[in-house]
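Biologist: I have a structure open and would like to go through it. Can we start with the overall layout?

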Amino acid sequence: MMAHLPILPVVWPLAAAFFLALLAAHNVGGLRRMAAGCAAVQLLLCTALFRVVGEQGPQTYHAGGWSPPFGIAVRADLLSTVMLMLVAGISLAVMVYAADPGDHDLSPSAQRWFVVLALILLGSMSGMVLSRDLFNLIVMIEITSIAAYGIVSIRDHPAALEASLKYLMLGAMGSGALLMATALVYATTGYLDMSLAGQQMITAAARYPQATMAALAMFLVGFGLKAGLMPFHSWLPDAHGSAATTSSALLSGLVVKVNAIGFLKVAYSVWGAALLARTPLPQVLMVFAILSMLVGGALAWGQTDLKRLLAYSTVGHMGYVFLGAALGSTNAFAGSLLHIVNHAVLKACLFLAAGLLTAKAGTRDIAKLSGIGRAMPWTAAAFGVAALGMVGVPGTNGFVSKWYIALGALDLGRAVPALAVLVSSLLNGVFYLPIVINAFLRPGPYERTPGGEAGLAALLPVVILAGVVVLMGLWPGLTLRYLLDAARTLLPAL
Amino acid sequence: MNDLILNVVARNLIPFIIVYGAYVTTNGHLSPGGGFAGGTIIAAALILAVLTWGLENTGLCDREEMLCGAEAASLLGYAGVGAVALFVGRPYLSNLSAGVPGGTPGALLSAGLIWVLGGIIGIKVAATLTGVYNRLSEAEDESPDPHAQGHGGGRNHGDGHGDSLDG
Amino acid sequence: MAERLIPNLNYLMAMVLFGVGLYIMLARSNLIKKVIGLNIMETAVFLFIIAVGYVHDGQPPINPQHGEAIPGVGQVAYTHPLPSALVLTGIVIAVSTSAYALSLITRIHRRLGTIDANELARRSRST
């Protein structure tokens with residue numbers, strides 16, 4: 001069984017999802033608990049894979065016994081396994097939160113479909129991270145996207161329906177662009193496998209310069225649309241803001257991230273750092289990234305709806321991820337990979353805590369959340385810790401990744417990106433800290449009651465995620481070590 | 001509907017369409033066709049039945065859970081067929097290299113597991129397309145409600161299990 | 001210029017269709033027309049992929065009838081079978097996306113009474 005470990009993180013969640021879909025619909029609570037169990041098994045599988053890759057090096061798995069170029073390869077290397085564990089861990093946290101028998105903003109029938117769609121998402125995101133074949137990546141992206149449109153629309157509210165349709169239209173444009181880009185890569189290099197296409201790309205780019213440039217541009221547009229990079233972000237505030245809490249946590253925490261990871265994998269495996277440096281991609285990506293960071297932060301400033309504010313903040317932080325990739329130095333690239341991990345933890349914690357806070361307050365209006373820290377101290381404290389992590393206060397994981405990105409910018413002698421990181425962090429502080437201060441220090445209508453906190457199943461993921469924030473801030477080497485290695489393999493020339 | 005020509009033609013054609021769909025499904029490894037095309041043809045036959053006699057008379061309206069179950073079961077079957085190769089020690093979804101008898105090229109029972117997977121996909125596609133058509137045609141009977149608010153307005157008899165699961 | 005255009009006509013038309021589909025998705029406010037534009041855009045990509053796999057004077061990549069010997073590779077030219085598989089998968093994905101989009105539009109029409117995108121934005125804000 002150990003030899004088949006690379007394919008199991010994709011097969012197990014999909015099989016579990018359809019098995020749960022077959023079960024009867026009456027006992028939704030049991031269904032949710034079983035789903036949390038399946039997510040736990042997935043985390044075990046991914047940890048085992050991480051151990052194997054750590055001991056034996058990258059594992060390549062040829063599905064169906066056919067090796068490339070006839071078959072599809074699945075490759076578990078350092079970057080893939082770290083991201084796999086991230087996906088599995090955050091999904092487990094969200095599923096445990098969803099298994100809580102308390103109040104949810106989803107009806108019971110919708111919760112049944114949420115559980116199935118979330119497990120499908122888990123399997124397809126794992127497939128995206130592991131895949132080594134371009135078309136397999138496209139198919140996994142489509143499964144992820146359709147499941148993502150689904151988990152927005154199961155909340156039966158007009159805003160959620162409109163947001164899901166908008167997400168679908170823009171996401172489908174991105175999918176069409178990605179499909180055309182894959183077709184162009186296949187037409188120019190003759191291979192769909194990323195390693196083989198990468199070997200051919202230098203001659204192909206010399207022979208068909210416009211076609212390969214068009215393919216790169218379409219990859220940027222397609223992945224950028226799905227990752228919420230400015231100027232392709234317009235679906236994100238509506239979709240993440242109007243979805244249910246658990247849906248938003250999965251979307252903001254994981255779905256946009258794996259699309260960014262997909263872009264980095266494609267750009268650096270098929271084109272390679274040397275070829276990319278000769279295209280205008282780094283400059284264009286830097287402009288988009290800085291625009292995301294600054295404008296995303298500025299747009300979040302004026303928001304009164306807590307979840308919309310968190311969604312705009314996601315737009316801003318995806319800017320950090322792409323900035324590190326655009327800069328191209330090892331430190332910056334490792335910083336952006338680390339920021340993918342950090343922001344997933346932070347945003348999941350924020351959305352889950354926000355769900356508990358808004359359920360208690362009965363509204364999403366930030367002004368009505370004053371004084372809620374008295375009634376729900378643990379939740380508000382976790383929200384505060386995660387907010388500090390978003391700002392980048394030393395001691396939290398956000399600080400480490402932003403530090404590395406800025407360090408990478410200064411390595412190359414470019415002050416503007418480092419300055420943008422600083423200004424964007426200040427902007428984050430401007431709109432996050434007042435919420436935390438309001439929650440604890442302002443007077444409000446909330447009393448300190450013994451049963452005021454949410455149930456254990458809902459509270460535990462929030463507190464554990466906040467604890468991970470601090471843990472990764474004080475001991476960053478735990479993940480940074482592997483991500484620096486991964487960055488060095490992807491950027492050999494630097 | 002009470003139209004005589006439609007009744008007679010549909011009643012006589014639907015079995016042939018289903019048989020043709022099954023033929024296309026099972027011949028996926030020999031000629032153009034396979035699970036997707038065959039499943040679509042079978043779904044066309046079922047949709048013709050729904051169009052001719054209405055959803056209530058076809059006996060498919062109380063079988064929504066069955067269609068949904070057919071979809072999920074076929075996908076589980078697909079995953080299971082792929083897992084058969086794991087027991088022999090070959091990678092997932094291996095075919096001839098896992099020792100599945102290959103047969104002579106050109107015969108019906110050849111190329112290992114491809115026709116099994118094709119059949120499973122045919123059932124899945126037929127169930128999905130019929131289910132989607134049923135959901136969409138149920139919605140026509142509802143009048144648009146521009147002032148609907150909250151959870152109550154969007155619920156109707158078909159909404160019992162949320163949005164349709166496809167893709 | 002014409003001698004470069006004629007052999008590449010398939011690719012050019014695929015790109016033109018892609019642009020047409022994209023324009024429809026962006027410029028038309030009727031939601032059903034947007035779904036049609038999505039289908040045109042994806043059909044353009046399939047046309048491109050199939051055109052890539054075409055071999056001049058090639059046979060379809062299907063084995064002949066039972067009992068006949070299979071001709072060797074050098075004797076008969078077959079078109080590349082891989083693009084057909086890619087397009088088949090792509091068609092299924094496009095059908096699924098369209099089915100989901102249409103059922104979502106039906107649900108929106110039932111709840112909010114409109115299938116115009118601008119009107120939808122107005123009504124979903126006010127509800």
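Biologist: Which domains does the assignment give for chain A?

Modeller: Domain 1 (1-178 + 230-265) and domain 2 (280-494); such bounds come from an automatic or database domain assignment. This is a predicted model, where local features need pLDDT of at least 70, side-chain atom pairs count only at pLDDT 80 or more, and totals for chains, interfaces and linings use all residues. Residues are numbered from 1 along each chain as its sequence is written, with chains lettered from A and ligands numbered from 1 in the order in which they are written.

Biologist: How many residues of the two domains are in contact?

Modeller: 31 residues of domain 1 of chain A are in contact with 39 residues of domain 2 of chain A (C-beta atoms, placed from the backbone, within 7 Å).

Biologist: On the domain 1 side, which element gives the most?

Modeller: α10(A), with 11 residues. Helices here are DSSP runs of H or I, at least four residues, numbered from the N terminus.

Biologist: New topic. At what angle do the axes of α16 and α18 of chain A cross?

Modeller: Roughly 45°, and the axes come within 6 Å. Axes are lines fitted to C-alpha atoms over the stretch in contact, with angles from 0 to 180 degrees between N-to-C directions.

Definitions and conventions: Helix = DSSP H or I, 4+ residues; strand = E, 2+ residues; numbered from the N terminus.
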